[in-house]
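Work through the exercises below with the sequence and the model side by side. Try each task before reading its solution.

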Amino acid sequence: MDSPIANIESQGSRVVVEITESEVDTDALRLLIQDLKSMLEGEARVFVFRLEAVEFLPSACLALLLMFYQEVKKHDGRIVLLNCQENVAFLLRLARLDKIF
């Protein structure tokens with residue numbers, strides 16, 4: 001699966017998504033999540049987003065991640081956000097999304 005903003009590696013039930021852009025484009029993330037949703041029909045249940053390159057995450061992207069989280073939960077799966085830079089981690093804490101991801 002190709003994405004202009006991420007490298008994606010499927011490892012059985014786990015999918016590792018390494019976001020490669022410092023500023024995540026909402027439309028690109030929307031397309032990426034559509035592709036990831038299709039993987040829920042298979043065996044994918046854990047989606048690990050590596051965010052070390054991300055310096056800015058618009059609120060619209062947070063909303064997309066939250067909607068994807070709801071879909072993943074319907075399939076008894078989970079989403080993990082790894083290696084967030086401090087400003088992204090602060091935004092997640094501020095929105096109280098650090099309790100979800």
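**Exercise 1: a loop residue**

T20 lies in the loop between β2 and α1; helices (H or I, at least four residues) and strands (E, at least two) are DSSP runs, numbered from the N terminus. This is a predicted model, in which local features need pLDDT of at least 70 and side-chain atom pairs count only at pLDDT 80 or more, while totals for chains, interfaces and linings use all residues. Residues are numbered from 1 along each chain as its sequence is written, and side-chain values use heavy atoms, with hydrogens and water left out.

Task: state which residues T20 touches, not counting those up to four places away in sequence.

Solution. Step 1: apply the contact cut-off, heavy atoms within 4.5 Å. Step 2: the residues found for T20 are P4, I5, A6, N7 and A53. Step 3: classify T20, where buried means under 20% relative accessible area, exposed over 50%, and partly exposed in between (1.4 Å probe, protein chains only). With a relative accessible area of 36%, T20 is partly exposed.

**Exercise 2: helix α1**

Task: explain why the buried residues of α1 line one face of the helix.

Solution. Step 1: the buried residues are T26, A28, L29, L32, I33, L36 and M39. Step 2: seen down the axis of α1, they fall within an arc of 150 degrees, so they line one face; the arc is that of the directions from the helix axis to the C-beta atoms. Step 3: they pack against β1 (6-11), β2 (14-19), β3 (46-50) and α2 (59-74).

**Exercise 3: the cysteines**

Task: how many disulfides does the structure hold?

Solution. Step 1: a disulfide is a pair of cysteine sulfur atoms within 2.5 Å. Step 2: the structure holds zero disulfides. Step 3: for C61, the nearest cysteine sulfur is that of C84, 13 Å away. Step 4: C61 counts as buried at 0% relative accessibility, whereas C84 is partly exposed at 25%.

**Exercise 4: helix α3**

Task: which residues of α3 (residues 86-94) are buried?

Solution. Step 1: V88, A89 and L92 are buried. Step 2: they cover an arc of only 100 degrees around the axis, which puts them on the same side of α3. Step 3: the face turned away carries the exposed residues E86 and L94.
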